[in-house]
Amino acid sequence: MDLSYTETQDMLRDTLAKFLADTYDFETRKKMLASPEGRDPGIWRALSAELGLTSAPFAEEHGGMGGGAIENMIMMEELGKVIAIEPWLQTVVIGGGALKAAGGALADATIPAIIAGDAIIAFAYAEPTGRYNLADLTTTAKADGSGYVLNGHKASVYAAPWATHLLVTARTGGSQRERAGVELFLIDAKSPGITRRDYPTVDGFRASEVYFENVAIPGEALLSGGIDLIERVVDEANVAICAEGTGIARTMVAHTVEYTKQRKQFGQPIGKFQVLQHRMSDMFCEAEQIASMALMGTLKLDLPADQRKAAVSLAKAKVARSLRITGQHAIQTHGGIGITMELAIGHYFKRASMIEGQFGNADHHLERYEALTLPA
Amino acid sequence: MDLEFSPEEIAFRDEVRTFIAENYPAQLRGKQDEGDELTKEDFLSWHRVLHKKGWVAPAWPVEYGGTGWSVTQRFIFSEETARADCIRLMPFGLTMVGPVIYTFGTPEQKAKFLPRILSGEDWWCQGYSEPGAGSDLANLRTRAVRDGDHYVINGQKTWTTMAQHADWGFFLCRTDPDAKAQEGISFILVDMKTPGIEVRPIITLGGEHEVNEVFLEDVRVPVENRVFEENKGWTCAKFLLAHERVGIAGVASSKRGVERIKEIAQTELDGEKSLLANPFFRRKVAELEMDLTALEFTELRVLAGEAAGKGPGPESSLLKIKGSEIQQRLTELTLEMAGHYGAPYFRGFGEGDNEHGIGPAWANRAAPVYFNTRKTTIYGGSNEIQRGIIAKMVLGL
């Protein structure tokens, strides 16, 4: 057992942290969000083609640095610190993760494009009525000659307006909630028959409702692995947003502490009041437990499927709970200014609140954990 | 980074496992799980076995009798002892005064006391709290007045755990009454057989005699028994408290506690199904495992930091807060499981006090242990004090 980072990992963290410190201050982020595209494509170019950071979790044969989940954790934590709205989770962690696991010609072609910054992937898995059940799908992929025809409606697809590719879950057979028949496809986002309704999300991203109407896709678009592969990819995504939560929670603690040192009431900085000190100590404890659970989940991703799922569910449930406590305490401690758009703290709180429910909330994951580990 | 044990670490784990199986005293088996009260001889019998093997003080430096184990080995050792339901050793010598002596003591003090702590020959108690100095420990009033080459100590200590068995005690005494609260205190080792010491029992809610009041009247102690400089005892006290907070998390034994609850809840009936199938009870078990896992990995991160040369800092307050809360939740669930059989009280009948037989054995001590365990968020610096430490030392408030 060894819980230390390698020098390369430390260097990666430093490189990304320094880049974000120079380029991603709160005011700049605000401008990106307000721009027509909702982001600055130059940032993505810098992260990928210029700094080579997108190569971190990929194998050397694809032009990567040979890293994996720990590198994803490091990157997501740093991105969380500035509440970055880059499509890293969708492109590198989810799209890249699915391709790494499935392998084959599609991986050989697409991973180098991710590394180079040319491919941006959005994950179209959620449906209007499916909640958190990944197999609760009405979107269909009907076999048609050597390919498939897609029909359906995907909900709240983060990064879809920016995407070159869509990673889509769809049914090739079986009934609505059946595990068998669920498959994963990587398709061209510009395929005829795809329409989008784009919108901003409350946490600063851009997303879409995506409609598929008789979208013809080639047979090679299928990433073999079915629901097992999808669950693995979503588990990886979940620990990645847990790590993002680490960066967010620690920053919320730091901002809150700083604010209470400046803000004066009753003739003194409010940070001198014990009731607020204890609340901030609780926030610190929650933030550190988030870091611990992000690490735990990350280190258990390669266990056999049931153990992996149990570990990830435990991590996500705790992170969801702890983010809620940290975020709500942060706003309460800031007082009125905390519920305005003016300070960064509210924007951290918004992203934290979306992480809670993304890929399953605390209730969902406690239930999955119980089903896997506690005999009835 | 890797959670897997290396082949060497697995071999070490097997060695520990085998050693426990072959050497754990037979008369102690089951006592930890049942929450039985332990006698002095109970504590010492396991202590002596570990001392003979050289494993009694894993965290000590090798030169003073430590094992030289890596952080992972220490983790494995505590996992294995908890897993095998071993009783916990008394911490007052091994994890409290021992480290203070090898860190701050004179060569003579090290030579005199450390071997006897390791062997279990000396039973230690902790003279910190006083009636007027609980959370505000620095307000202590017990006075040590210099008289030639002796200190004469007068005062009263309280909550002194297991002082009824103690050969020695480490006492915080005020040596300069005019200095600011924390600056006039000295750390003094006192032979408990010295004339003028009286130990009176305090009986806690479960009926146990675990803690005591200690009265000191004109107790004469040689000056050479003072550790570190005069009036600098607070340095030792703080050092000790930071060390105490790490061990206090009790991760390994809480893990064993959860397993035990799951085993019992699976066989206890609640209607036609097991208690573990009850969705409300089940959720509480899952939440407990969740929080315990968060604590475990927080401790692993602290230990990894320690291995990289960072001592246990104020972050260890987090371990104390969360660890103590989890210990309490375990006892709550056990009492909930006991149902009707939480009520019988097996004490005070004279002959056959410890005789079980009413209700399931695991339920006999459920309520007393629940009552007793309210102490964990109070002792070692109450959890409110820990929050204050985090606010001040970590957050800089």
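Here is a short chat about reading the domains and contacts in this predicted model.

Biologist: What should I keep in mind before I start?

Modeller: It's a predicted model: local features need pLDDT of at least 70 and side-chain atom pairs count only at pLDDT 80 or more, while totals for chains, interfaces and linings use all residues. Residues are numbered from 1 along each chain as its sequence is written, and chains are lettered from A and ligands numbered from 1 in the order in which they are written.

Biologist: Which domains does chain A have?

Modeller: Domain bounds come from an automatic or database domain assignment. For chain A that gives domain 1 (7–118), domain 2 (123–224) and domain 3 (227–373).

Biologist: How many residues from domain 1 and domain 3 of chain A make up their contact?

Modeller: Two residues are in contact if their C-beta atoms, placed from the backbone, lie within 7 Å. Here domain 1 of chain A puts in 19 residues and domain 3 of chain A puts in 22. Helices are DSSP runs (H or I, at least four residues), numbered from the N terminus. On the domain 1 side, helix 4 (69–81) of chain A gives the most, with ten residues.

Biologist: And which elements of chain A touch chain B?

Modeller: In that contact, 30 residues of chain A meet 39 of chain B. Helix 8 (274–299), helix 9 (305–334) and helix 11 (362–373) of chain A each give two or more residues, and helix 8 of chain A has the largest share, 13 residues.
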